[in-house]
Amino acid sequence: MALENGSQSIDRAARILVRLVESEEAVTLSAVMEETQLPKSTAARLLRALERNGLAQRRPGGGFRPGPVLVDYARHDASVGDLATLARPFLETLERATGETANVAIPTPGGVTRLAQVDSHHPLGAGNWVGRRIPHHASSMGKVFMAFGAAQPPTGRLAKLGPNTITSIDGLLRELDDVRRRGSASTWEELEAGLCSTAAPVRGSRGTVIAAISVSAPTVRTTRERLADLTEHVVATAHALTDVITIRTHGNGEQ
């Protein structure tokens, strides 16, 4: 019983932590109570525990934000204050080289979250997905995150979003093995009909995957062979952005 209660406390604290990280505004005690269905005393105790360990901090105007440990980790791991801004010229170059929509995204518990997108100048673009969370299993960037440990593979039933969405865990795990071997991931009508994509990992100064760059294109003007060519451009762009992140980090004195 004690083990079960301990596990429940960890799960509840983790849910609060996810809320702190994902929320754009300070998270109030009442919001935590609503999220976790906990009584006020228990919710307050968990928030105090997170605060003591540097994972949450009180805001002068009320509520809580991510604590200094999380802020410092994000700063050092990403090695930049604004990944979207840093990636923008790389995306623009990628779009010019491929003629297709270029994206950069980060992993979040709720799915792939795109930070920036440079749209194709051709008709039949891939649509604007900035700010929208996309299920990891139906996204080339999500596959990258799962394959290289930036996100956990889902459990249970996988939603079918496109004609070719992988809907079995075994099939997804096999796909992730292939992604690790290739160093890149692709989709073909897995997120939605008529759309394909290819993605490669962007790494922080410690070598961990912190983001992904992708190209999305309509299948009406893309063959499997052309998708392989697009992959080469994406991989090169991801490597170039990784190099800049590394140089900036070392320039700031991080070892």
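**View 1. Gln37 in the loop between helix 2 and helix 3**. In this predicted model, Gln37 lies in the loop that links helix 2 (29-36) to helix 3 (40-52), where helices are DSSP runs of H or I with at least four residues, strands are runs of E with at least two, and both are numbered from the N terminus. Gln37 has a relative accessibility of 66% and therefore counts as exposed (over 50% relative accessible area, whereas buried means under 20% and partly exposed in between, with a 1.4 Å probe and protein chains only). The phi of Gln37 is near 60°, a positive value in a residue that is not glycine. Most residues other than glycine have a negative phi.

**View 2. Glu189 in the loop between strand 6 and strand 7**. Glu189 is placed between strand 6 (185-188) and strand 7 (195-203), and its phi is positive, about 55°, although Glu189 is not a glycine.

**View 3. Thr231 in helix 8**. Thr231 belongs to helix 8 (residues 224-251) and, with 16% relative accessibility, counts as buried. Beyond its neighbours within four places in sequence, Thr231 is in contact (heavy atoms within 4.5 Å) with Ser184 and Thr198. The side chains of Thr231 and Thr198 are joined by a polar contact of 2.6 Å, that is, a pair of N or O atoms within 3.5 Å, of which one must be able to donate a hydrogen and the other to accept it.

**Notes on the views.** Residues are numbered from 1 along each chain as its sequence is written, and side-chain values use heavy atoms, without hydrogens and water. Local features need pLDDT of at least 70 and side-chain atom pairs pLDDT 80 or more, while totals for chains, interfaces and linings use all residues.
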